Amino acid sequence: MDKIIRTITSDGTVMAVAIDSSDLVYTAQQLHHTSPVATAALGRLLTGASIMGTLLKKEDAALTLKINGGGPLGSVVAIADEKGNVRGYVDHPEVDLPLAPNGKLAVGEAVGRNGRLSVVRDLGEGEPYVGQVEITSGEIAEDITSYYATSEQIPTVCALGVLVNRETGKTMLAGGLLIQLLPGADEATISKLEKNVASLEPVTTMLAKGMDAHAMCLRALEGFEVEVLDSYPVSYVCTCSKDRVKNALSTLPPEEVEHLADENGVMEAHCQYCNHSYTFTKEELQQLADQLRQNKKQA
Ligand SMILES: [Zn+2]
């Protein structure tokens, strides 16, 4: 079971959040049949969204990350709730690219570097807050760092990693770490933290050594007195249901709804987040159209 943990230095000036997202990225890969590079891109975005979701600190809040840099993957989207549970998709999960010259998966190239990362924070009341930042590298962690620096003016270090087995194409390890400097941090704190960050190993290396999310936070905040804010299990969770599809269909004009069935007399609605299909028969669609007409009359 994946786990996320939020920690803070006892003087309250540095926060570190870490996640082991290996299982949820594996689930995403199984659901979307992603190529290795698509797994890495979607996995990193899901991991980043999960961490950022837990920073919303409000019940029923949601955070959406969307990145599109004009690369062959198209858009990559991840949505997290305030507990860090996530779902997402990539437009072209089958796209694969040769490894980058450094031997790593070419995530930046697959995402593209000509576009934006957008962050939508929906706190469940009023208009959602939308922030955007130009893509820095398309490697996602750097783009999230850049978002916090430019859009929220919070000095942030973000590291995300997905390790895919070269032979099987399956996800082996995934995780993330986000460190933020909070108001009140003095020079000594900053320089100590900079040293820690400079010597941090990649997230998947730490996970491979058997470090869990808590251990990663302690490593990031080495030399500080650290308190745990909270910690909970996270997973890949889709919120779709037949009722939700029905609600979406109810926004269409009734004359459109009654003609949605194909030549076999059914309509298939497909959830892009979990690939589940919902079937509506011609009769069900007619019933819905009639109900919509009825509602209109009463309104
Ligand atoms: Zn779904």
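Me: How many bridges join E8 to strand E9, and how do these strands run?

Reply: In general, strands of a sheet pair through backbone hydrogen bonds, and the pairing is either parallel or antiparallel. In this predicted model, E8 and strand E9 (residues 171–181) run antiparallel and are joined by nine bridges.

Me: What is the order of the strands in the open sheet?

Reply: The order is E8-E9-E2-E1-E10, five strands with antiparallel pairing. E8 and strand E10 (226–234) are the edge strands, since each of them pairs on one side only. On average, neighbouring strands of this sheet are turned by 10° against each other, with direction ignored.

Me: Which strands does H1 lie across?

Reply: H1 lies across strand E1 (2–9), strand E2 (14–20), E8, E9 and E10. Its direction is at about 125° to that of E9.

Me: Is Lys57 buried or exposed?

Reply: Lys57 counts as exposed, because it has 12 C-beta neighbours inside 10 Å. Lys57 is found in the loop between H2 and E3. Its phi is positive, about 55°, although Lys57 is not a glycine. A further positive phi, near 50°, belongs to Gln153, which follows H4.

Me: Which residues of helix H4 are buried, and against what do they pack?

Reply: A residue is called buried when 20 or more other C-beta atoms lie within 10 Å of its own. In helix H4 (residues 141–151), the buried residues are Ala141, Asp143, Ile144, Thr145, Tyr147 and Tyr148. Over the chain, buried residues make up 40% of the 299 residues.

Me: How is the chain divided into domains?

Reply: The division gives domain 1 (2–234) and domain 2 (242–298). Taken over C-alpha atoms, the centres of domain 1 and domain 2 are separated by 37 Å. Five residues from domain 1 and four residues from domain 2 take part in the contact. On the side of domain 1 that touches domain 2, helix H1 (22–32) and strand E5 (86–90) are the elements that give two or more residues. E5 gives the most, with three residues. By class, that side of domain 1 has two nonpolar, two polar and one charged residues.

Me: Why is the chain described as being as compact as a globular protein of that length?

Reply: Begin with the inventory: the chain has ten helices and twelve strands. Its radius of gyration is 21 Å, close to the 19 Å that the globule rule gives for 299 residues, so the chain is as compact as a globular protein of that length. Along its principal axes, the C-alpha trace spans about 70 × 45 × 35 Å. Of the contacts with a separation of 6 or more, 66% are between residues 24 or more positions apart.

Note on methods. Residues numbered from 1 in each chain as written. Predicted model: local features only at pLDDT ≥ 70, side-chain atom pairs only at ≥ 80, totals over all residues. Helix = DSSP H or I, 4+ residues; strand = E, 2+ residues; numbered from the N terminus. Rg over C-alpha atoms; globule rule 2.2 N^0.38 Å. Contact = placed C-beta atoms within 7 Å. Domains from an automatic or database assignment. Nonpolar A, V, L, I, M, F, W, Y, C, P; charged D, E, K, R; others polar. Pairing = 2+ DSSP bridges. Axes fitted to C-alpha atoms, helices over the stretch in contact; angles between N-to-C directions.
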